[in-house]
Amino acid sequence: MTKNIILLVWDACRTDYISNHAPTLTELADQGIFFENAISSATWSLPSHASLVTGVYPHEHGVTGVTDSLQTSPLLDTLSERGYTCYGFSPNSFASASHNFDLGFDHFEFTKYLARSDGINPAQYYRAFTDSKDGSVRSGLRIGSRVYQDLVASITDPEVRLTSSLVNFCVAVSYQTHEAVPGVSRLLPPLVKQAGIRPSEINTHKIESVIEAEADSEDPFFIFANYTDTHYPYIPPTEIQSEILSPPLDRAELIAINEEYAQEWEFMKKEIAGSGVPKPILEKVRRLYAGEVRSTDRHLARILSVLKSNGIADDTVIVVTADHGENLGESCVIDGPRMGHLATVSDRVTHVPLVVSAPDADETTVSKLVPLKNIRYLIESLAFGETGSTNLVEAIQPDESYVVCQATPNGVPEVYKRHAELPKELLRTEVTESRVVLYEDDWKIVTSTHRDPLAVRDDTVVPVDEAPEKTVQVAIEQAEILKNGGTTTDEAVQDRLQKLGYL
């Protein structure tokens with residue numbers, strides 16, 4: 001029997017935080033297939049997600065900058081051909097219709113604006129607007145009319161509450177217009193999270209609804225969901241804060257810690273100025289991040305529970321991973337101290353958790369390096385009924401002797417203006433410089449379009465001529481192939497990047 005498949009991406013989740021802060025995922029890893037050394041395809045969300053569904057590295061699929069979009073989704077094509085009904089839920093704009101990530105899905109929802117799950121999702125009108133060919137004004141009027149009609153219809157719809165729909169539209173409008181107030185752009189996400197409006201809750205509610213609706217279906221289903229709790233800002237639910245911090249932080253302190261210390265560029269400014277981040281503050285940042293991991297793990301537990309209660313746990317495969325990892329103030333031998341995942345090729349960013357829980361699979365721990373891009377082939381193997389450990393481990397193995405993570409620039413020159421006090425060569429890593437991290441055996445090779453190659457062995461930088469020459473050359477060639485990612489973006493794209501901490 002063909003298995004249902006659920007792919008969960010814990011955005012910016014570190015591998016080393018799983019064992020102590022994610023008991024549900026740890027149990028799945030102990031009972032299923034745990035890949036100890038999974039390497040993300042990229043150091044940020046857009047190119048990494050594109051690799052998940054295409055099965056190739058960023059330099060091959062070309063979705064490397066903030067203005068790029070998917071043109072094809074081979075994984076979803078295969079699943080559809082195999083008779084899967086495909087659902088997607090994501091609050092990450094880089095994994096949404098704005099970058100064509102919804103291609104191939106039967107149902108896809110951008111959950112960022114959903115404060116209430118029983119209301120209309122404002123994001124559903126995005127595709128209708130962008131696909132329109134008759135001009136933005138006429139399109140806006142027509143879609144506005146459609147919104148009005150849907151709101152009126154919701155008055156008599158028992159499954160949709162008008163008040164909830166209005167709240168959702170208010171949240172969406174707030175996100176889209178708040179940049180008009182100076183200084184608010186990065187404040188809104190922490191405030192929204194702190195107020196309890198969490199897309200993860202919407203994701204899980206949607207997934208539970210799909211499982212209940214599909215439980216008796218003869219056709220298999222595929223669910224993709226991106227969980228952004230573990231992405232900056234780090235503001236776990238109040239009840240979890242009480243577990244990890246004593247006493248819990250108030251709203252002002254939560255926002256201050258995120259804005260002044262956990263935001264990547266602000267952290268770097270303090271490091272370069274020589275003041276750094278006080279250890280007690282750094283410890284709070286790490287505890288808050290741990291709380292977000294714990295929060296996301298509880299959503300996984302809810303999903304497993306509803307699978308069991310609907311009698312389809314043994315018919316469903318769960319795949320849990322991350323699009324990239326995260327630095328929390330630690331130092332990297334190449335880049336120095338870093339926060340977040342900007343301007344870094346740290347192992348804490350390139351290494352990601354990867355767990356596969358399949359009913360027919362034996363307990364297996366894989367220590368070999370595996371590329372996250374090959375999740376496409378692992379899932380396709382599942383779709384063809386290959387659910388044993390040997391087949392699944394084989395499906396994700398690299399074709400080459402090496403595994404690669406690529407740090408592509410977002411191509412937004414606004415970074416130079418916003419952070420003029422930082423060294424230009426540092427900011428360049430986010431605007432024009434591409435870097436390739438190639439892992440082979442115990443070697444880590446880092447090449448760049450702007451710098452000489454580096455070699456790392458045993459966490460120590462060594463002369464590059466000691467590294468295998470062919471390995472170094474492959475990394476150099478990949479860096480040269482990568483595009484700069486463009487040099488201009490519109491204000492809406494810049495706004496999204498700022499709210500995520502990229503600007």
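Predicted model: local features only at pLDDT ≥ 70, side-chain atom pairs only at ≥ 80, totals over all residues.
The protein has 503 residues, and 60% of them count as buried. Its secondary structure comes to 21 helices and 16 strands. Among contacts in the protein with a separation of 6 or more, 73% are between residues 24 or more positions apart.

Aromatic rings come next. A pair of aromatic rings is described by two values, the distance of the centres and the angle of the planes. Searching the whole structure gives 10 aromatic pairs. In one of them, the ring centres of Tyr17 and Tyr289 are 5.1 Å apart and the planes stand at 85 degrees, so this pair is edge-to-face. The reasoning rests on a cut-off: planes over 60 degrees apart count as edge-to-face. The two tyrosines come from distant parts of the chain, 272 residues apart. Tyr17 is in the loop between strand 1 (4-10) and helix 1 (18-21), whereas Tyr289 belongs to helix 14 (residues 279-309). Are these two residues buried or exposed? Tyr17 has a relative accessible area of 12%, so it counts as buried, because buried means under 20%. Tyr289 has a value of 0%, so it is buried as well.

Another aromatic pair is formed by Phe105 and Phe108, with 5.1 Å from centre to centre and 65 degrees between the planes, which is again edge-to-face. Both Phe105 and Phe108 are buried. They also belong to a cluster in which ring pairs link Phe101, Phe105, Phe108, Phe222 and Phe224.

Arg82 lies over the face of Phe384, 4.3 Å from the ring centre. Over the ring of Tyr57 sits the charged end of Lys373, at 5.0 Å from the centre of that ring.

Helix 5 covers residues 74-81, and its buried residues are Pro74, Leu75, Leu76, Thr78 and Leu79. What do the buried residues of helix 5 pack against? Their partners are strand 1, strand 3 (85-90) and strand 5 (221-227), together with helix 3 (45-54) and helix 16 (375-383). After helix 5 comes Gly83, which has a positive phi, near 90 degrees.

Strand 12 pairs with strand 13 (residues 435-440) in the antiparallel sense, over 5 bridges. Here Val403 stands opposite Tyr439 of strand 13.

The last topic is cysteine. A disulfide is a covalent bond that joins the sulfur atoms of two cysteines. How many disulfides does a search of the whole structure find? The number is 0. Cys13 has a relative accessible area of 0%, so this residue is buried. Cys405 is also at 0% relative accessibility and therefore counts as buried.

Technical notes: Residues numbered from 1 in each chain as written. Heavy atoms only, no water. Phe/Tyr/Trp six-rings, centres within 6.5 Å; stacked < 30°, edge-to-face > 60°. Helix = DSSP H or I, 4+ residues; strand = E, 2+ residues; numbered from the N terminus. Buried < 20%, exposed > 50% of the residue type's maximum accessible area, 1.4 Å probe, protein only. Lys NZ or Arg CZ within 6 Å of the ring centre and 35° of its normal. Pairing = 2+ DSSP bridges. Disulfide = S-S within 2.5 Å. Contact = heavy atoms within 4.5 Å.
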